[in-house]
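Work through the exercises below with the sequence and the 3D view open. Try each task before reading its solution.

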Amino acid sequence: MVKWSMLKWTLVGLAALVVLVLGALLALPLLLDTPAIQTYASQAASHALGRPVKFSALSISALPLPTVKLRGLQVAEDPSFGPGPFITVTEGRMRIRIRPLLQGRVELADLTLVEPRIHVVEDAAGRLNVATLGGGAPPAPPGPPRVGAGRPGVAAAGAVLLSRVRIVKGAIDYQQAGAKSAQFTLDAIDVTVTQAAAGEVLRVSGSAQAQPGNVKLTISEATVGVTPGRAFGDAQLKATVDIESRDVAPAAALFVPKPTVSGPLTGRIQVSGTAARLTATGAVGFDRLTLSAQQPHCLEPKRRSLTLDDVRVPLLYTPPQLESRAVQAKVAKGTVTFRLTVALGPPRVATLRDITVKGVQLEPVLVDYLCQRNAVTGPLDLTGEASLHPQEALPTLNGAGRLQIGAGRVIGPDLLNALGQALTLTDLVSGTLERARGGRRPAAGSPLNFDSITASYTITNGVARTEDLVYQARDLKLTGAGTYGLVDGRTAMDVIVTQGGNRVKARVAGGPGALTIVPTDVRIKEMKDLRKTLDRLLR
């Protein structure tokens, strides 16, 4: 009976204690000085961020755990970057530590930020508004208020150390100063930040999506080292970011509007540096990348595509430029490699060095994809370098190099019609032409077969120039020097055609649909050779 009596009173005591604790928790909103907590929370946040912080409402709930809720929270912008705000938060929930609470003190633990939106702005000098975060902080507020009307505690602002911060449905906008809208956005941010003890690094993990394009970013092994009294821009950051996208077309359009670049993307990037000046290394890859564009001058279908396989892009980002030391791709049965550097500007300039093209078949590129009116087929080998503005590639293209095209053919009515014009200017050659074609003019679209084409070249603002073009066929050799417009297709070139003992010098000039050849010197020594050549060219 004694044991039963002791057990009974023990249970009664525990029940009474539970009732008292629950009663205290339920009475918490009445006991706490809400305006004092609101002032304290605002001052503590302002001290931590170095920016004025305000919110529209604060409330306290007791169950299931004591929690302070902040609504309509705003962090002010650095005045040099605009009126702001820098951060807006729909709701912030801060859990109150129970043990200090039972001792009459209020200490905050976990913080959850719901739908925070951060506006990152870069000025003309390349400075980010985030760089000044935490700098020039106002004086720390006094210790957190106590429960009831008692004297405030002596704990410093550090007493509100948050062991965990969670961001739910967050977003980050990036735009350059003066721009009307954000250039890109990170949304669907779900991130957890933890700190084991005061003074230790922050550990970050979570995920986000880059827009446009729904590019999924998974953050792991991330640390942020914040030095007390220093701006957040000086914080040391390290992270591993895995990248994945089902289709990069929307994201690629930011850098290359035309043609459309589409395909699935995977990659991994190692990020390091300070928050204000991050660097990154890693690689991204595409098993298959498709270039597509509407080609008005093509026969149906007007929209044409070109496929690149096994595209590999190692990356090195060091502000203000992005570099890839060995871009690799397979295209049209050949390979393309080059080193890429993109100056992020403005203006944005892409530089390609050590370009090496091996065995790329030109027919799928020039005829099937670009629908060039006049083109050549055959395998292309090329070495060189180039630079361009991605927004307007051909008009801004500059570079130099050397090319060689293996056995193929010339396709294009302009070239063949111009050849007919040149040959019919003399009765002697006209008669040979008539016999070779049975009284018919060269058929538009008839191919000219060749063994090889070689040339070194320079390109200035989209106009290619060569001084040593050599076209070699079985019975004929053509050399040329002049220019070709990559944008408008206009040609201005002096050529010499040699076949056996015969030689024709001519001026080739004009654009698509209006190409003419004007002979400047014709020497005919061997009629049978000329007839043989014409028979082969025009059959």
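**Exercise 1. A pair of strands and a hairpin**

Task: find the bridge partner of Gly-399 in β23, and then follow β23 to β24.

Solution. The model is predicted. Step 1: Gly-399 has Ile-459 as its bridge partner in β23. Step 2: the strands concerned are β20 (residues 398-405) and β23 (residues 452-460), which pair in the antiparallel sense over seven bridges. Step 3: β23 also pairs with β24, again antiparallel, over six bridges. Here Thr-458 stands opposite Arg-465 in β24. Step 4: look at the turn. β23 and β24 form a hairpin with two residues between them. In this turn Asn-461 has a positive phi of about 50°.

**Exercise 2. Aromatic pairs**

Task: how many aromatic pairs does a search of the whole structure find, and is Tyr-174 buried or exposed?

Solution. Step 1: the search finds two pairs. Step 2: Tyr-174 and Phe-184 form a stacked pair, 5.0 Å centre to centre, with 25° between the planes. An angle under 30 degrees counts as stacked. Tyr-174 lies in β6 (residues 164-176) and Phe-184 in β7 (residues 184-194), 10 residues apart. Step 3: the relative accessible area of Tyr-174 is 16%, so Tyr-174 is buried. The value for Phe-184 is 39%, so Phe-184 counts as partly exposed. Step 4: Phe-450 and Tyr-471 form a tilted pair, 5.4 Å centre to centre and 55° between the planes. Phe-450 is in β22 (residues 448-450) and Tyr-471 is in β24 (residues 463-472), 21 residues apart. Both Phe-450 and Tyr-471 are buried.

**Exercise 3. One serine**

Task: is Ser-245 buried or exposed, and what does the side chain of Ser-245 reach?

Solution. Step 1: Ser-245 belongs to β10 (residues 236-245). Step 2: the relative accessible area of Ser-245 is 3%, so this residue is buried. Step 3: the side chain of Ser-245 reaches the backbone oxygen of Asp-247 at 3.1 Å.

**Exercise 4. A pocket**

Task: what classes of residue make up the lining of the second largest pocket?

Solution. Step 1: the second largest pocket has a volume of about 210 Å³. Step 2: the residues that line this pocket include His-297, Arg-304, Asp-368, Cys-371 and Pro-413. Step 3: by class, the lining has six nonpolar, three polar and three charged residues.

Terms used: Residues are numbered from 1 along each chain as its sequence is written. This is a predicted model: local features need pLDDT of at least 70, side-chain atom pairs count only at pLDDT 80 or more; totals for chains, interfaces and linings use all residues. Side-chain values use heavy atoms; hydrogens and water are left out. On a 1 Å grid over the protein atoms alone, a cavity is a set of points where a 1.4 Å probe fits but cannot get out, and a pocket is an open set with protein on both sides within 12 Å along at least five of seven lines; lining residues have an atom within 4 Å of a point. Grid points are joined across faces, edges and corners, and a volume is the space filled by probe spheres set on the points. Ala, Val, Leu, Ile, Met, Phe, Trp, Tyr, Cys and Pro count as nonpolar, Asp, Glu, Lys and Arg as charged, and the others, Gly among them, as polar. Rings of Phe, Tyr and Trp (its six-membered ring) pair if their centres lie within 6.5 Å; planes under 30 degrees apart count as stacked, over 60 as edge-to-face and the rest as tilted. Helices (H or I, at least four residues) and strands (E, at least two) are DSSP runs, numbered from the N terminus. Buried means under 20% relative accessible area, exposed over 50%, partly exposed in between (1.4 Å probe, protein chains only). A polar contact is a pair of N or O atoms within 3.5 Å; within protein, one must be able to donate a hydrogen and the other to accept it, and residues adjacent in sequence count only if both atoms are side-chain atoms. Two strands pair if DSSP finds at least two bridges between them.
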